[in-house]
Amino acid sequence: MPYFIEVILPLSVPRTFTYAVNAAEYTFLQPGMRVAVPFGKNKLYTGLVHSLHQNPPQLYQAKDIDQILDDTPIVTPNQLKHWEWIASYYMCTVGEVYRSALPSGLLLESETIITPTKDFRPETGSLTDDEYLIYEALQKQSAIKVQEVAAILNKKTVLPTLNRLLKKNVVVLQEEITEKYKPKVIRYIRLQEEFLQEEQLSGLLELLSRAQKQRELVLHYFQLQARERKPITVKALIESAGSTAAVVKSLVDKNIFEEYFLQEDRVSFSVSDEAGFTLSERQQIAFNTIKAGFGLLPVTLLHGITSSGKTEVYIKLIEEYINSGKQVLYLLPEIALTTQLVHRLSAYFGNKVAVFHSKYTNNERIEVWNQVLSQSEKAQVVIGARSALFLPFQNLGLIVIDEEHEQTFKQQDPAPRYHARDAAIVLANYFGAKVLLGSATPSIESYMNVQSGKYAFAELKERFGKVLPPEIILVDLKDKYKRKQMTGHFSDTLTEAMAETMALGKQVILFQNRRGYSPWVECMNCGHVPQCPQCDVSLTYYKFKNQLRCHYCAYHIAMPTHCHHCHSVDISTKGFGTEQIEQELKTLFPTKNAWRMDQDTTRGKHGYEKIIDAFKNREIDILVGTQMLAKGLHFDNVGLVGILNADNMLFQPDFRAFERAYQMMVQVAGRAGRKDERGKVYIQTYNVMHNIIRQVTEGDYEGMFKEQLYERKNFKYPPYFRLVRLTLKHKDYEKLKEAAFWLYNVLNQQLQMPVLGPEEPAISRIRNEYIRTIMVKIPLGAAIGTTKRSILRILESMEAIPQYRSVKVTANADPY
């Protein structure tokens with residue numbers, strides 16, 4: 001009886017594929033192991049074993065698997081269940097979840113190897129020039145790769161040439177898969193055992209009396225061993241002795257030294273003796289409330305104001321769970337936040353902490369994956385951004401989600417378009433683990449769940465050390481511009497306060513949620529604004545590079561000296577970003593060190609770390625930044641925070657604009673006066689009487705919550721309705737329009753619930769593709785799973801219509 005396996009491929013195909021295996025392989029295979037399988041023409045893919053059975057596929061002939069890549073599963077049963085839930089809820093395929101979840105070093109694809117046939121002898125004129133060049137190359141080496149063929153022929157497309165050679169029986173093509181991950185191996189050195197006795201040692205030094213450099217190296221080896229009392233690496237010995245690798249090699253060749261290799265982790269942390277602390281009275285009450293909440297419900301929301309010491313509460317809670325042998329996941333919304341948190345947690349827990357996010361290299365991420373899978377002591381606490389959710393936990397006890405309100409927990413592109421907070425709660429359910437959500441400004445959905453009794457609740461209403469919350473001062477920009485009291489984008493009130501703060505030795509943080517120098521440039525003669533030719537968006541001006549750049553497709557041109565439309569030289573920049581603020585600060589405070597922290601200055605692996613460390617060490621006086629500054633960072637010496645234009649946040653085309661503006665302003669304000677003295681926050685705005693501004697000034701979260709809830713109920717938005725946004729894209733405007741109306745009409749007829757659209761979004765063309773969106777609003781009482789399956793069925797039927805097949809449609813559940 002033949003055996004079959006269901007294999008998940010990392011492709012956007014809505015099903016698993018069946019492959020045949022022999023009896024010997026069947027006993028060895030388990031779900032969660034990787035196998036190399038044929039798919040398409042001359043291609044092997046790494047697939048993941050999903051299940052094993054004896055039912056042959058009905059619609060196609062099952063191919064044999066090529067090879068088994070793992071001895072043990074690299075994915076756990078709970079992960080497979082979780083991936084299926086994500087695929088179902090967020091309306092994508094399991095293959096797309098698999099591709100996103102696994103580090104790319106574990107997703108192997110085959111490489112085509114070309115070898116010559118033994119009996120072929122070319123006759124005159126039987127091969128074209130290109131074919132003969134490949135034949136000649138194969139006479140000099142036994143095998144070549146496709147990339148090498150492309151280099152030989154100096155062409156991008158070489159497969160037609162290879163297919164002709166295949167037909168003429170000149171070459172044979174083979175597919176080969178090689179493992180990308182390589183463990184880090186360190187070269188160590190030790191003295192041969194025979195020289196460890198004292199009498200042999202003196203003989204050894206006599207032997208090396210003429211080889212002065214070798215003798216010095218041996219003496220240095222003894223000094224290092226006496227000082228370090230641990231194995232000695234070749235690198236450390238060479239550096240200490242100021243010697244070379246050649247001298248070491250000579251001693252190894254003479255059998256005086258013996259070299260050996262040890263596998264080592266790429267990232268490791270050490271514990272600090274000064275990391276201990278005790279909770280304050282308020283923190284202890286919150287800690288006890290959280291534990292009591294966990295006794296009743298699986299999820300607890302901790303509403304703690306900025307600088308109330310939430311992290312200390314998390315640490316004590318984590319300590320309890322890892323002491324009981326459980327694994328802990330600590331999720332953060334920004335990679336920038338991991339820098340400070342890793343220092344704090346590794347100082348407390350030492351090498352029990354592992355870090356997992358996209359700025360780490362492939363090999364580093366695979367090491368963390370393997371440590372979590374094997375329940376290693378080195379990965380009892382995992383800190384990471386949203387991708388850490390996919391790690392192969394075996395014994396998860398607690399998930400801490402800090403700054404749970406942050407929109408960066410939602411993945412937008414590519415699929416799966418999941419929300420890490422919601423997916424984490426489902427993951428915890430598989431393990432019977434607890435989830436702690438922490439925030440100074442909880443999301444309306446989470447706070448609503450507290451009100452309805454779904455989540456337990458704890459709060460911290462007092463800043464740590466009884467420091468007062470920052471004083472918030474509003475600056476009316478209308479009035480300041482009218483009275484001509486503005487210097488660039490700084491009011492005289494803010495400039496004086498900054499000067500006073502820095503005179504006292506304190507630091508300043510300025511917030512402007514736009515990068516670049518200016519969002520657009522405009523001709524003052526005809527009003528022409530340079531646009532991206534591929535996207536419906538104006539180009540952002542970067543003064544440092546003197547270029548205009550598109551933030552959507554990276555198209556860029558040099559800053560024009562005259563208008564492209566009317567040739568006028570009167571070109572002006574409009575609006576302002578972080579780069580312009582940094583420039584103005586150099587004029588306002590020439591003696592002070594101003595620095596910028598945004599996506600452009602933090603591109604490298606340690607980009608965040610360098611800026612945060614420099615600011616913490618007081619090398620930077622003024623730090624200008626975008627929203628990555630607004631959350632969870634802790635600096636002792638910040639006396640003043642300035643929000644340069646609050647109106648940018650208030651008037652966005654989004655139903656959550658007011659909620660997000662409130663959260664952003666409160667979080668930014670919370671960076672000021674975190675230790676000893678009360679800080680000050682200056683908010684520059686044209687709308688000093690705006691409700692949200694008033695609520696920020698008074699710290700009135702409850703008022704904001706009730707007001708936004710009332711609005712959302714009226715307009716049928718979450719948490720009263722669930723949203724599914726369908727995005728259609730095509731290069732042909734008319735075809736897209738026609739397809740969008742067809743889809744809208746079918747959804748409207750079949751779903752019997754509010755369907756909005758088809759709508760042109762604010763940016764209606766990106767990378768030469770026109771965009772339309774349709775929004776489906778699902779009432780809370782409706783069956784969400786059934787509705788989503790109906791939508792997917794309608795999308796499948798749309799794909800069956802030939803003229804609409806080329807229109808790309810993506811579904812985004814809970815797009816907010």
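Two strands are taken to pair if DSSP finds at least two bridges between them. On this criterion the predicted model contains an open sheet of 6 strands, arranged in the order β5-β2-β1-β4-β3-β6 and with mixed pairing. The edges of this sheet are formed by β5 (63–64) and β6 (67–68), each of which pairs on one side only. Within the sheet, strand β1, spanning residues 3–8, and strand β2, spanning residues 17–21, are paired in the antiparallel sense over 5 bridges, and Phe4 has Ala20 of β2 as its bridge partner. Helix α2, comprising residues 77–89, lies across β1 and β4 (44–53), and the helix runs at about 105° to β4.

In soluble globular proteins, nonpolar side chains tend to be buried together. In the present model, the largest nonpolar core has 153 residues, and those with the most contacts inside this core are Trp83, Ile318, Leu345, Met597, Met665 and Leu747.

Two packed helices are described by the angle between their axes and the distance between the axes. For helix α22 (residues 657–669) and helix α23 (residues 691–698), the axes come within 10 Å and cross at roughly 35°, and the crossing in which α22 passes α23 is right-handed. On the side of α22 the contact is made by Phe658, Ala661, Tyr662, Met665 and Val666, while α23 contributes Ile692, Ile693, Gln695 and Val696. Sorted by class, the residues in this contact of α22 with α23 are 8 nonpolar and 1 polar, with no charged residues. Met665, which takes part in this helix contact, is also listed among the residues with the most contacts inside the largest nonpolar core.

If residues up to four places away in sequence are not counted, Thr540 touches Arg515, Gly516, Ser518, Pro519, Gln547, Leu548, Arg549 and His551.

Several features of the backbone geometry are also noted. The peptide bond from Asp413 to Pro414 is cis, with omega near -5°, and Pro414 lies in the loop that runs between β17 (396–402) and α15 (420–431). A cis peptide bond also joins Gly757 and Pro758, for which omega is about -10°; Pro758 lies in strand β34, which covers residues 755–759.

Asn154, with phi of about 55°, lies in the loop between α5 (146–153) and α6 (159–167). The relative accessible area of Asn154 is 70%, so this residue is classed as exposed. Gln375 likewise has a positive phi of about 55° although it is not a glycine, and Gln375 is found in the loop between α14 (362–373) and β16 (381–384). With a relative accessible area of 43%, Gln375 is partly exposed.

Methods. Residues are numbered from 1 along each chain as its sequence is written. This is a predicted model: local features need pLDDT of at least 70, side-chain atom pairs count only at pLDDT 80 or more; totals for chains, interfaces and linings use all residues. Side-chain values use heavy atoms; hydrogens and water are left out. Helices (H or I, at least four residues) and strands (E, at least two) are DSSP runs, numbered from the N terminus. Buried means under 20% relative accessible area, exposed over 50%, partly exposed in between (1.4 Å probe, protein chains only). Contact means heavy atoms within 4.5 Å. Axes are lines fitted to C-alpha atoms, for helices over the stretch in contact, and angles run from 0 to 180 degrees between N-to-C directions. A nonpolar core is a set of buried Ala, Val, Leu, Ile, Met, Phe, Trp, Tyr and Cys residues joined through side-chain atoms within 4.5 Å. A crossing is left-handed if the near helix is turned anticlockwise from the far one by less than a right angle, and right-handed if clockwise. Ala, Val, Leu, Ile, Met, Phe, Trp, Tyr, Cys and Pro count as nonpolar, Asp, Glu, Lys and Arg as charged, and the others, Gly among them, as polar.
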